[in-house]
Amino acid sequence: MSLSIQDAKGLIAEVKEREIALGRAPETWYTYENHVYGVANVARTIASKIKGTDEEQAYVNALLHDICKTEEKRVQRFHGILGYEKLIDRDEKVARAAIVHMFPWNKIPSFEKCSQMFFGN
Ligand SMILES: [Fe+2]
């Protein structure tokens, strides 16, 4: 199963609706929305320059990399892990992007190492 751009935009819209319902000021939401759409546009542009790279996959991965950022403080768990858990049954590639983006880019362990660190398997 894989998530389309429309699916990803729908998930971002759901987060926005939930945060506003929880009383989060719309101004603070704009920062988040601008961030994820900005990162997605950059990712798609970079992907377009790399032969053989799937631009839509790059866009969706980037759009959803912070899908659980707004929940992090409420639940006291890292947002990349929450994002992985939210997305794994929907799209494994996107779920992996959510968890690995938490690491400094030059120190990203393999997905298998991340899985051992956070899930014990
Ligand atoms: Fe993040």
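In the predicted model, helices α5 and α6 are roughly antiparallel to each other, because their axes cross at roughly 170 degrees and an angle over 145 degrees counts as roughly antiparallel. Helix α5 spans residues 79–87, and helix α6 covers residues 92–100. The two axes come within 7 Å. On the α5 side, the contact is formed by G80, I81, G83, Y84 and L87, which meet V94, A95, R96, A98 and I99 of α6. Classified by residue type, this contact of α5 with α6 comprises seven nonpolar, two polar and one charged residues.

Helix α6 also packs against helix α3, which spans residues 55–64. Here the axes come within 9 Å and cross at roughly 50 degrees. This angle makes α3 oblique to α6, and the crossing of the pair is right-handed. The residues of α3 involved are Q57, V60, N61 and L64, and their partners in α6 are K93, V94, A97 and A98. The contact of α3 with α6 contains five nonpolar, two polar and one charged residues. V94 and A98 of α6 take part in the contact with α3 and are likewise listed in the contact with α5.

A further helix pair is formed by α1 (residues 5–21) and α2 (residues 26–49), whose axes lie 11 Å apart at an angle of about 165 degrees. Helix α1 is therefore roughly antiparallel to α2. The crossing of α1 and α2 is right-handed. Helix α1 contributes I5, K9, I12, V15 and K16 to the contact, while α2 contributes W29, Y32, E33, V36, Y37 and R44. By class, seven nonpolar and four charged residues make up the contact of α1 with α2, with no polar residues present.

Conventions. Residues are numbered from 1 along each chain as its sequence is written. This is a predicted model: local features need pLDDT of at least 70, side-chain atom pairs count only at pLDDT 80 or more; totals for chains, interfaces and linings use all residues. Side-chain values use heavy atoms; hydrogens and water are left out. Axes are lines fitted to C-alpha atoms, for helices over the stretch in contact, and angles run from 0 to 180 degrees between N-to-C directions. Helices (H or I, at least four residues) and strands (E, at least two) are DSSP runs, numbered from the N terminus. Angles under 35 degrees count as roughly parallel, over 145 as roughly antiparallel, 65 to 115 as roughly perpendicular and the rest as oblique. A crossing is left-handed if the near helix is turned anticlockwise from the far one by less than a right angle, and right-handed if clockwise. Contact means heavy atoms within 4.5 Å. Ala, Val, Leu, Ile, Met, Phe, Trp, Tyr, Cys and Pro count as nonpolar, Asp, Glu, Lys and Arg as charged, and the others, Gly among them, as polar.
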